[in-house]
Amino acid sequence: MRSARTAYGRARPTTRSLPALLAAAALLVGAAPGAAATPTSAATTADPVAMTGAQLAASWTGPLSTRGRYIVDAGGNRFKLKAGNWAGAQGTYEGSGDVNDVVNHQAKQMSNNIPLGLDRTPLSQITADFHALGINSIRLPFANAMIHDSTVVPDSAVTANPQLKGKTPLQVYDAVVAALTADGFAVILNNHTTTYRFCCGLDGNERWNSGQSTEQWVDDWVFLANRYKANKRVVGADLRNEVRRDTWDDPNWGWGDSHDEYAAFEEAGNKILQADPDMLIIMEGINWQGIPSGLFSHGRPMLTPVRTLSNTLIGSGKLVYSAHFYGFTGPNHTGSDGGWQNGETNDPRYRDLTPQQLVQAVNDEALFVTQEGQHFTAPVWISEFGDGGRGNGDNPDKREADAKERVWFKNFTDILVQNDTDFAQWPLIGWMDATGKPNDNWALINYDATGRKLSVNDPGDWRAGDWNKLVNAPARTGPVPQADHWNMINLDHGDQNLSARMLAQGDWRPGNHKGNCPDSQRLLGVSRSKSRGLCTDASQPAKSSGPWVTVTDERFVTHGDWASGYLKLQCPDNHFAVGYSVDGNSLSGLLCAPAATTLPTAGRGTVWFDWGDNPSNAGSIHGDWASGDYKGQCADNEYVAGIAHGGWQDHYVPDALLCRPLS
């Protein structure tokens, strides 16, 4: 979300920047190019053709899932998220002064902790105005505080929607969700903040567990998943907005501590899927790490950690990654323009990059994830981007920056078009005063107190051509073939139980770290000393209903000694490996599932990886799923029948796989 304050703390609705040096942990993220669809016609800058609610509703069926880099509807047809952010329920208070004074709210817009505009325009008109923008989905931010808030919203906050009088913020949110989905829109719930304080600096909302426990955060998500479970147009859970540094600590990706975003997001995603298996789970990367000063390492990692440590959910085809990009921020720039005291690092901003550099940055930080056939392959949704559409031409100090912003906006939307990328603009709705001047000129639609509308496609908004180019761009449509998955197991810091079947049962290897593939997948590879594994559903054999077997010794070693002198854990005949356990880094158990049909007991045989990767391109076929470690990997049309290790003198780490053909 755009910050409403400059580096000096003065309200300025058209900029995003951090309020103080250590606050620079905050702010925005970015986007970039990956695998582009082949356009069949040129994009047009004409106004989009507005669908009616009935037309949009008839054009797709929920729930949504993923196939490779694409999101698809229940019929397997591509559903591109062409979205905007309807802000307000995350709170607009800027954190100082009287909360009841509108001057102390973002862009002098007091939302009363409900979506903006309900005081000015009926819901039915708002949804019609959304249709006119050419969008099909809404990212709907909320604060955790909203879930627990029993306060009735003021009547003045819903003047144009009197049916909402007497309701709490959550009940108003319910009504907005119902209205949007009834009009055909897909709704993505977005946990934006913990409190109602406007994001994104040092505001107490830096992490999912800032001001609340991880357990409470997960419980809130499960509550919402159950609340909207019956509505299949509530399609996704966007887990947390712009995770960033607080005063003292950075978020991290995979360290196993209380600031580990990788682990927290995976835990929340899997708990949500256990409550509602139909939800998309949407994960942003890390928005900011480090102290914003040339004396310290600092930057905006976004999705870069996913290249070597990706997430795995109990439901294959439910993971979407997301990122944010704004022209005034950069790969190592906070977005501040208030000098070094306020987080100005003098690093290039995205708007300072050449078109080629911007393409590279967006790809490196986000869109690489759309590469097919990797352990990290998933759709990437640019769930925030935007700009101030009526410019700063009346401010001589801002004309140069404004000109750069216009060039950046064109170049960035070109990247989204060329890569057929899912997107959501920030924000959809703002206020304007009686003279027709927008309070927040980033909004695509502004309403005055009487409900009069000013849209991006009304005269004077320089974004119109690029916005319409984006929503009208040629895109892949129609059926998307089923895609194979390759997913990581990571036992660095604890269990990774990804099997719904095993989660419902007892502990199959007490005292050890256990990794289970999702129920639709099997084990394909393991690493030697990092306790990493690789799962797949490529050529997946059906499982029988029989019991799964835990193997801790050589009792099932038959058909010859396939690793002489080594200790071998081998599945029974007609079983294939679906998980493993470790004690430290030492292999301690193998979990085997029964196949529904007879599996071959002969074939390629032993794959050694004690002196290097085997095959030699393990880690490049499906991405580097155990970076810096030796890996053994069966072929996609094989199954793991066993794992061997060298005993105590070799610290019991895996050394070889028994790979057998599936047919």
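**View 1. Cys592 within its strand.** Cys592 has its place in strand β24, which covers residues 586–594, in a model that is predicted. Because its relative accessibility is 0%, and buried means under 20%, Cys592 counts as buried.

**View 2. The surroundings of Cys592.** When neighbours within four places in sequence are left aside, the residues in contact with Cys592 include Trp548, Val549 and Val551, as well as Cys571, Pro572 and Phe576. Leu523 lies 69 residues from Cys592 along the chain, and the C-alpha atoms of these two residues are separated by 9.4 Å.

**View 3. The strands that pair with β24.** Strand β23, made of residues 575–583, pairs with β24 in the antiparallel sense over eight bridges, and within this pairing Ala577 stands opposite Cys592. Ala577 is also one of the residues in contact with Cys592. The two strands β23 and β24 form a hairpin with two residues between them, and Gly584 in the turn has a positive phi of about 70 degrees. Strand β21, residues 549–551, runs antiparallel to β24 and is joined to β24 by three bridges; here Thr550 has Leu591 as its bridge partner.

View 4. Leu567, Trp648 and Tyr652 together make a nonpolar surface patch of about 360 Å². Of these residues, Leu567 is found in strand β22, residues 567–570, and Leu567 counts as partly exposed because its relative accessibility is 40%.

Methods: Residues numbered from 1 in each chain as written. Predicted model: local features only at pLDDT ≥ 70, side-chain atom pairs only at ≥ 80, totals over all residues. Heavy atoms only, no water. Patch = residues over 30% accessible without salt bridge, like charges linked within 9 Å, V, L, I, M, F, W, Y side chains within 5 Å. Areas by Shrake-Rupley, 256 points an atom, 1.4 Å probe, with all protein chains shown as cover. Salt bridge = Lys/Arg side-chain N within 4 Å of Asp/Glu carboxyl O. Helix = DSSP H or I, 4+ residues; strand = E, 2+ residues; numbered from the N terminus. Buried < 20%, exposed > 50% of the residue type's maximum accessible area, 1.4 Å probe, protein only. Contact = heavy atoms within 4.5 Å. Pairing = 2+ DSSP bridges.
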